Amino acid sequence: MSATRDKRRIAVTGLGMVTPVGNSAAETWAALQAGKSGGAEIAGFDASGFSTHIAAEVKEFDPEKQVPDAGRYRFASRAQSFALAAAAEALRDAGIQPTREDSDRWGLSVGAGMISVGYEDLCRVESHAWNDRALAPDGMLSDSFQVNPKRIASWQSNAGLGFLTRQFGIAGYATSVHTACASGGQAIGTALKAMRRGNCDRMLAGGFDSMINPVGISGFCLLGALSTDNETPTRASRPFDATRNGFLLGEGAGFLVLEDWDLAVDRGAKIYAEFGGDGNSLSCYRITDSPPDGDGPIQAIEQALRDAGVDRSAVDYVNAHGTSTQMNDASECAALHGVFRDRIDEVRVSSSKSCMGHLIAAAGAVEAGVCCLAIRDSIAPVNANYGTPDPNCEVNLVIGDPAELPIRAALSNSLGFGGSNSSLVFLNPEFSAS
Amino acid sequence: MSVAESTIVVTGSGLVCGAGETVAGVCDQLLSGDSSVRPYESWPSENWPVKFGAEVTTDNRTLVPERKLHKTISKSDLFGIYAAERAIDGSGWKSWRDGLDESEQPAFNDQTGIIAGSGGGSFHSNYDYLPLIESAEGELQRFGAELSEQVTPMWLLKNLPNNVLCHVGIRAQFKGTNACITNHCASGPLAVGEGVAAIRNGEASRIVAVAHDAPFEPENLLYYYQLGLATDGIPRPFDRSRSGTALGEGAAAVALETEQSAASRGAEVLGKILGFACVGEATGVFELDEEGSGVNRAITMALADADLSPDGIDLIVAHGNGTPASDKTEALGIREAFGSSEIPPVTAFKWAFGHMIAASGMADLALTLELLKRGEVPAVPNFEAPDPEFADFPIATRSGSHQIKTALLICRGFGGVNTALIVGLPTQ
């Protein structure tokens with residue numbers, strides 16, 4: 001089998017985002033710099049009975065306008081529609097699309113959310129096939145239980161992959177991953193590896209998710225993972241603040257167009273950043289808890305730096321996982337201290353979740369895009385809602401106004417339930433050229 | 001020789017499916033021609049259009065003795081943990097690590113990774129909410145308010161698609177690079193391909209690649225039937241009368257490392273991974289390219305990766321799910337890839353233990369390595385009449401001894417994803 005020898009350089013040439021703070025990358029980036037929160041009372045369904053009834057929903061998303069060939073995807077889930085829209089934006093932004101001639105040199109790598117059957121579909125099962133507190137499968141055979149096969153398609157674990165490859169004509173390496181909250185980061189890291197070993201010349205990579213529905217939010221409410229600050233939704237997500245009390249559930253999609261560096265340069269593409277490295281580890285601690293000493297994330301970060309061929313001293317900005325839960329934020333800070341040691345005060349840190357909430361399987365993908373924009377504009381976006389210092393989270397946060405600074409290397413962390421850790425390193429093209 | 005150029009070998013394997021819970025035992029059954037696709041008893045099938053399936057019958061406590069763990073994971077996870085731990089046992093990694101100096105053990109753990117292929121979830125896991133929907137009488141406000149009284153706090157964690165990764169990691173303390181691939185039937189082969197690449201790329205020295213799924217459940221079976229993919233009986237791969245697949249369930253795993261690493265430990269090598277490719281057909285979720293172009297391209301790329309010509313392949317283990325469209329386009333794609341070369345004997349296993357979806361490709365791999373070692377090729381025992389559209393396709397119709405050094409394994413999944421994996425004997 002073929003081997004990876006000298007590392008192939010990979011450029012980020014296109015970005016697309018659908019997030020709770022904007023339906024495009026530009027809108028999202030502006031909101032993150034302004035520290036604008038996407039948190040509000042849940043509008044999509046009656047959440048008044050749940051212990052948490054706030055979330056960061058995508059607003060004014062119009063599939064008819066934003067999803068290409070929307071008629072084909074009428075049965076796509078909300079998350080899959082976000083994916084189609086964000087991917088289309090990323091390809092438009094890159095100014096390139098797969099053609100009949102090169103479709104097999106294009107690949108796709110996505111982080112997809114958990115298969116989520118809607119509440120209405122569970123009600124359909126309950127009304128047809130639930131008797132005396134037990135499943136009565138024969139009820140599923142009645143005519144009124146049957147659904148359109150296109151809906152069945154949208155429930156498959158790789159349905160998003162199927163829609164995206166078809167819509168954009170991507171016929172090369174195609175993969176779909178899920179490691180809970182690390183999914184988006186892992187998908188993008190997987191794409192880097194596939195390109196480095198020569199599977200593809202260009203890839204569309206990203207993540208999409210929406211769990212702001214009765215079943216999705218139930219899982220998090222049961223775990224007690226969400227902030228219950230129902231009266232102050234815009235302040236509910238306050239990563240690294242001592243008073244933080246859980247995350248704000250978000251939704252959305254983020255996509256990057258990755259290209260072989262030389263191909264991108266040859267066609268005169270605008271290059272946001274060089275995608276330098278990927279690191280992955282398992283914490284092997286507990287399914288719910290993060291290791292207090294940062295063991296696990298430390299290995300992922302160090303692996304990503306090694307992969308990018310840069311020293312820790314080159315990192316100027318960290319887009320933290322920063323969920324706003326007590327344990328996760330403290331664990332991540334311990335990891336940052338473990339990696340950056342005496343340099344810790346020189347590294348600016350912020351969590352995009354302070355504004356847009358936690359996009360779960362999409363989070364790492366959107367945040368990778370944020371790192372690219374931060375490098376392009378020499379701006380570290382803010383960590384919103386920060387007020388009370390926590391001795392367990394002593395890192396150099398960007399508070400109040402965005403920080404203007406040249407960013408040589410940016411690190412994006414995604415730490416998932418179950419202990420999967422993904423770290424990505426993006427490099428300033430001027431820095432990596434030197 | 002650098003790691004990047006080294007040969008990757010398999011030093012352990014594990015399998016559980018409807019036909020049993022050992023690789024050797026399931027292999028015996030394959031060669032005997034007995035199928036474990038049988039009338040199911042999990043729910044009354046009298047009125048159901050499909051009355052066959054291949055459920056795992058092995059006791060849960062045989063699979064994972066710790067009963068406490070059973071409450072916090074899904075059925076699919078149970079299969080996955082079992083198969084992964086059998087592969088790890090077979091590799092001897094844990095006892096090797098435990099014999100190392102204590103100062104060397106953390107590095108060993110950091111250099112041992114896990115890549116899982118997961119079905120991604122199930123319909124029945126959501127049924128934990130049905131009592132609540134009933135008592136809330138369809139009112140969302142009550143559903144939310146009574147949630148914590150009726151549903152376990154661990155519901156989300158019990159149903160994480162990446163649970164096998166996490167639990168196998170915690171139990172073995174393997175902390176290296178990892179991934180959880182949720183790409184329908186391609187999940188298992190992709191776990192192997194990514195595992196091989198991770199070792200070559202220096203991200204890990206060892207990888208356990210595992211794939212698990214439990215698609216056999218009423219709602220899923222109904223949808224497969226409605227899509228025209230499920231038959232009421234034992235699937236008949238490539239036969240003219242084929243009419244669909246049968247759902248199975250289970251898991252399989254392999255332990256991967258470099259040839260040098262295995263040799264330095266004196267570990268038994270079960271086989272070599274020679275080549276891999278994955279391509280999409282860009283056709284949508286269910287639709288297939290009519291000429292099997294994805295199968296053709298995946299094979300061609302995997303042959304190039306293995307530096308082999310079609311003549312170098314001694315056996316094809318086809319996806320052969322028994323559906324009319326998939327088997328036909330698979331046969332056409334294979335023929336196109338082989339061009340003027342003779343197509344070696346073709347066999348397929350889904351008649352024996354059903355279609356394990358995300359786990360199927362990994363099960364095929366574990367069994368193929370055992371068959372190479374034994375020098376045996378199992379027939380498709382219920383193959384009776386060739387399909388006129390690919391009449392000369394060389395289906396193995398009689399099990400028997402063959403000199404086989406290499407095998408090509410095909411996997412095809414929803415989303416138009418096709419993989420080709422080439423494996424060889426340890427001496428190859």
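This is a predicted model: local features need pLDDT of at least 70, side-chain atom pairs count only at pLDDT 80 or more; totals for chains, interfaces and linings use all residues.

**Confidence first**

I began with pLDDT, the predictor's confidence in each residue on a scale from 0 to 100: chain B averages 97, and 100% of its residues score at least 70. Chain A has a mean of 96, with 99% of its residues at 70 or more. I noted residues 1–5 of chain A, where pLDDT stays under 50. For the complex, the predictor gives an ipTM of 0.97 and a pTM of 0.97.

Residues are numbered from 1 along each chain as its sequence is written, while chains are lettered from A and ligands numbered from 1 in the order in which they are written.

**Chain B as a whole**

I counted elements next, taking helices (H or I, at least four residues) and strands (E, at least two) as DSSP runs numbered from the N terminus. Chain B has 17 helices and 14 strands. Its C-alpha trace spans about 65 × 65 × 40 Å along the principal axes.

I then checked the radius of gyration, taken over C-alpha atoms, against the globule rule of 2.2 Å times the number of residues to the power 0.38. A compact globule of 428 residues would come out near 22 Å, and chain B has 21 Å, which agrees.

For burial I used C-beta atoms placed from the backbone: a residue is buried if 20 or more others lie within 10 Å of its own, exposed if 12 or fewer, and partly exposed in between. On that count, 63% of the 428 residues of chain B are buried. Contacts (C-beta atoms, placed from the backbone, within 7 Å) were my next stop. Among those in chain B between residues at least 6 apart in sequence, 80% join residues at least 24 apart.

**Where the chains meet**

How many residues of chain A are in contact with chain B? I found 77, facing 85 residues of chain B. Several elements of chain A give two or more residues to this side, including strand S4 (106–112), helix H4 (119–129) and helix H5 (149–154). H8(A) makes the largest share, eight residues. For classes, I took Ala, Val, Leu, Ile, Met, Phe, Trp, Tyr, Cys and Pro as nonpolar, Asp, Glu, Lys and Arg as charged, and the others, Gly among them, as polar. The side of chain A that touches chain B then has 39 nonpolar, 29 polar and nine charged residues.

I followed H5 of chain A across to chain B, where the buried residues of H12(B) pack against it. Seven of the nine residues of H12(B) (218–226) are buried, so this helix is largely enclosed by the rest of the structure. Among those seven are Pro218(B), Leu221(B) and Tyr224(B). Gly228(B) follows H12(B) with a positive phi near 80 degrees.

**Helix H14 of chain B**

Is H14(B) mostly buried or exposed? I found 12 of its 14 residues buried, so it is largely enclosed by the rest of the structure. Its cover includes strand S8 (271–280), helix H15 (324–338), strand S13 (406–413) and strand S14 (417–424) of chain B. Just after H14(B), Asp307(B) takes a positive phi of about 55 degrees.

**Two loop residues**

I looked at Asp132(A), which is not a glycine but has a positive phi of about 50 degrees. Asp132(A) is in the loop between strand S5 (130–131) and strand S6 (134–135) of chain A, and counts as exposed with 5 C-beta neighbours inside 10 Å. Gln173(B) also has a positive phi, near 65 degrees. With 16 C-beta neighbours inside 10 Å, Gln173(B) counts as partly exposed.

**A buried glutamate**

My last entry is Glu332(A), in helix H11 (residues 326–340) of chain A. Glu332(A) is buried, with 28 other C-beta atoms within 10 Å. Leaving aside neighbours within four places in sequence, I found Glu332(A) in contact with Pro297(A), Ala320(A), His321(A), Gly322(A), Asn413(A) and Leu415(A).

Note on methods: Two residues are in contact if their C-beta atoms, placed from the backbone, lie within 7 Å.
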